[in-house]
Every structure is written in structure tokens, then in C-alpha cells.
Amino acid sequence: MSLIHCPTTTTTRLRHPPLSPTVKFTVIKCCSLTSPVTVVNGNLEMTSSDKNRNEIRLGLPSKGRMAADTLDLLKDCQLSVRQLNPRQYVADIPQLSNVEVWFQRPKDIVRKLVSGDLDLGIVGLDTLSEYGQGNEDLILVHDALAYGDCRLSLAIPKYGIFEKINSVKELAQMPQWTAEKPLRVATGFTYLGPKFLKENGLEHVDFSTADGALEAAPAMGIADAIVDLVSSGTTLKENNLKEIEGGVILESQAVLVASKKSLLQRKGSCQHERI
């Protein structure tokens, strides 16, 4: 994925128990005017005068373990997120007067970073890679926040025609896969999955999109393999699936991302504010 790493700048070091080495944050503050936002179908949208705002918008996951761990990280950094109404999508950080927090689904955080509606966001690297798709406006500020660890992997059954298949290379060389009878893969990663298999010599593949409980797809006969996130691997084993050599597509954890487009379009000069 073509992400731009943020250049070295003066920062203040922040400690969070699981982090090693020490995490560094830099918030880029730009001068301009403010403007309102609107909510469309539960999603925050930028107004026509949004380019003139001066607050920095930070996108945070709205639900789940990633959301809780992100708030814990900020708390350990002496930053509290104040949400006046739990039903609202917007919050603030009292310690940073120019930062506005938007609670969003991770994939919407990436999309809004690309569009420039958000300036900064915290998401999993898997989500960034899937929905960012190499966009050069995405700047990877910190690639290891040390939580949300998982890997995106290809998994196949332990039984039947796959019993002796132990690598992606062996899978690609199986004579069964033809244009008439392709390898059927269930996944929610419709960008990273096809890209990976094509790069590894699997030309005849039919993808079906699905979210959740993918491990059951091979046993139900609706897929031959899956591409999904794996943490401990226990769920795969319980469903008689196995990871194979060369089958890890991406090692993922929480990352801090910035929108180059959003930050550069601000009027006036920019300066770095230490957190």
C-alpha cells in the first residue's frame, strides 16, 4: 500500500502501558475560520465552507474493542474525550481546544480521511489498507499503537482435497481450479483478497462477499477458502480450517493516519502543537 510516512517533527512523548517503544503524537494546527457540519444517514458530512474551518477533526472508532482501547490510549496520554450526549457523533477533547472528535465506523473514518472531512483518524491497518487502497492522500503518522493486533489471512480446510496443501504455492498449483470451476473464496476484504491471490498466481478465483462467521462457509459448502482476520487462530481450528505458508496477507494493529489533502487545504500557515 502506498502510504506516506510523516516526516520527523518535534513531539512530546506519551506513554501507554502496552506501547513499546514510546508513542509520539504530533497534531498539526492550521489557522482559518470555522464552519458547521451536517449529519446524513448517521454520517457526518462536510459543508461547502468546510475548507475554512480551523478545528482539527479526529476520527475515532464508534463501537467495539477498538473504540474502548482507543479511549484508553488517549486517557493514558492525559487526554479525555468529552461526549455530552452518548447518542451524538461529535465530541471534544478539553485539553486540546482546536480538536473536534468524530465517532465513526472504521471504514467511514478512512473514507472521510480520503475526502478531507477528517484530518486525523485511528483505525486498524487492515481497515486502512482495504478502504484506503493505496491513496496517496493518506499519511501514516504512527504505524504501531500496540493494540488491536490481528492478521489478515487466507485459510483453507484441513480435510478433503486440501489435506496435503500447506502453502499458497501448492494451492495455486492445484489442477482443480479452472475458469469453469474456480476456487471459491468468501471474504469481506474485496480489495486486499483478490489483489493478494492474483499476485500469488491464483488466476481462477470466484469471490463472494460476506461479513462475520466466515469460518463456517467451507463446511456449509458455499466456499472453498476464506480470507479473514485472525487473532489467536482458535476459531479457525474449531472449524477445521488452517492457515498456510505464505498466506498471511497483512499484519495489523491500530494506526494513526492523517489526510494530506485536508491538512494542506487549510488557509494560512501551519504550525505543530505539542501534545
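Colleague: Which helices and strands each supply at least two residues of the lining of the largest pocket?

Modeller: They are α1 (64-76), α2 (106-115), α3 (125-132) and β14 (225-230). Helices (H or I, at least four residues) and strands (E, at least two) are DSSP runs, numbered from the N terminus. This is a predicted model, where local features need pLDDT of at least 70, side-chain atom pairs count only at pLDDT 80 or more, and totals for chains, interfaces and linings use all residues. Residues are numbered from 1 along each chain as its sequence is written, and side-chain values use heavy atoms, without hydrogens and water.

Colleague: What is the volume of the largest pocket, and how many residues line it?

Modeller: Rolling a probe the size of a water molecule over the atoms shows where empty space is left. A pocket is an open set of points on a 1 Å grid over the protein atoms alone where a 1.4 Å probe fits, with protein on both sides within 12 Å along at least five of seven lines; lining residues have an atom within 4 Å of a point. Here the volume (space filled by probe spheres set on the points) is about 900 Å³. The lining has 30 residues, with P106, D126, T127, F189 and L229 nearest the centre.

Colleague: Where does the largest pocket lie?

Modeller: Domain 1 (9-147 + 254-274) and domain 2 (150-252) both contribute lining residues, so the largest pocket lies between them.

Colleague: What about the second largest pocket?

Modeller: That pocket holds about 410 Å³ of space. Of its 20 lining residues, P61, S62, K63, Q83 and F103 are the closest to its centre. The largest share of this lining, three residues, comes from α1.

Technical notes
Domain bounds come from an automatic or database domain assignment.
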